[in-house]
Amino acid sequence: MSNPISKLATGIGFLLLGIFALLYVGLFIFAVFLDLFGDWETIPIYFQLMMGAGLFGIGILFFTVLFTRIKEHKTDKYKNVEI
C-alpha cells in the first residue's frame, strides 16, 4: 500500500468504523434504557447520521482493499503457480 490515497482512505475508513462501533454500542445501551424507563419514539438524527458514517467507513475499507488487491494481482509473480 505505497499509494498515499490508499493510506488516506484506509485511515478514514478505520476512523469511521471505530466511530460506528462506539455508537452502535451506545445506541444499544440507549435503546435498552428507553425500553426499560421510557417510550421508544424515534432514534435521534445524530445516531442515524453516525450509523450512516460507520457504514460508509465499512464501504471505504472494502473498496480500498478490493482495488488494492486488483492492482497487486496484475504484477503478482505467483498467480500462475499451480499447487
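**Entry 1**

I started at Thr68, which lies in helix H2; helices here are DSSP runs of H or I with at least four residues, strands are runs of E with at least two, and both are numbered from the N terminus. This is a predicted model, in which local features need pLDDT of at least 70, side-chain atom pairs count only at pLDDT 80 or more, and totals for chains, interfaces and linings use all residues. Residues are numbered from 1 along each chain as its sequence is written, and side-chain values use heavy atoms, with hydrogens and water left out.

Is Thr68 buried or exposed? I found Thr68 buried, with a relative accessible area of 16%; buried means under 20%, exposed over 50%, and partly exposed in between, with a 1.4 Å probe and protein chains only.

Next I followed the side chain of Thr68, and it reaches the backbone oxygen of Thr64 at 2.7 Å. Thr64 is also in helix H2, and at 11% relative accessibility Thr64 counts as buried.

What does Thr64 contact, leaving aside its neighbours within four places in sequence? I noted Ser6, Ala9 and Thr10, where contact means heavy atoms within 4.5 Å. I also checked Ile5, 59 residues apart from Thr64 along the chain: the two C-alpha atoms are separated by 9.3 Å.

**Entry 2: the whole chain**

I then stepped back to the chain, which has two helices and zero strands. Buried residues make up 22% of its 83 residues. Of the contacts with a separation of 6 or more, 73% are between residues 24 or more positions apart. The chain exposes about 6900 Å², and carbon and sulfur atoms supply 72% of that; the areas come from the Shrake-Rupley method with a 1.4 Å probe, and for residues only the protein chains shown count as cover.

**Entry 3: the nonpolar patch**

I looked for a nonpolar patch on the surface and found Leu15, Ile19, Ile45, Tyr46, Leu49 and Met50, with about 600 Å² of accessible area together. Patches take residues with over 30% relative accessible area and no salt bridge, joining like charges within 9 Å and nonpolar side chains (Val, Leu, Ile, Met, Phe, Trp, Tyr) within 5 Å. A salt bridge puts a side-chain nitrogen of Lys or Arg within 4 Å of a carboxyl oxygen of Asp or Glu.

Helix H1 (4-37) and helix H2 (45-74) each give two or more residues to the patch, and H2 gives the most, with four. Met50 lies in H2 and is partly exposed, at 36% relative accessible area.

**Entry 4: aromatic rings**

My search of the whole structure found two aromatic pairs. Rings of Phe, Tyr and Trp (its six-membered ring) pair if their centres lie within 6.5 Å; planes under 30 degrees apart are stacked, over 60 edge-to-face, and the rest tilted.

Why is the pair of Phe62 and Phe63 edge-to-face? Because their planes are at 75°, with the ring centres 5.2 Å apart. Phe62 is exposed at 52% relative accessible area, while Phe63 is partly exposed at 44%. Phe62, Phe63 and Phe67 form one aromatic cluster.

Note on methods: A polar contact is a pair of N or O atoms within 3.5 Å; within protein, one must be able to donate a hydrogen and the other to accept it, and residues adjacent in sequence count only if both atoms are side-chain atoms.
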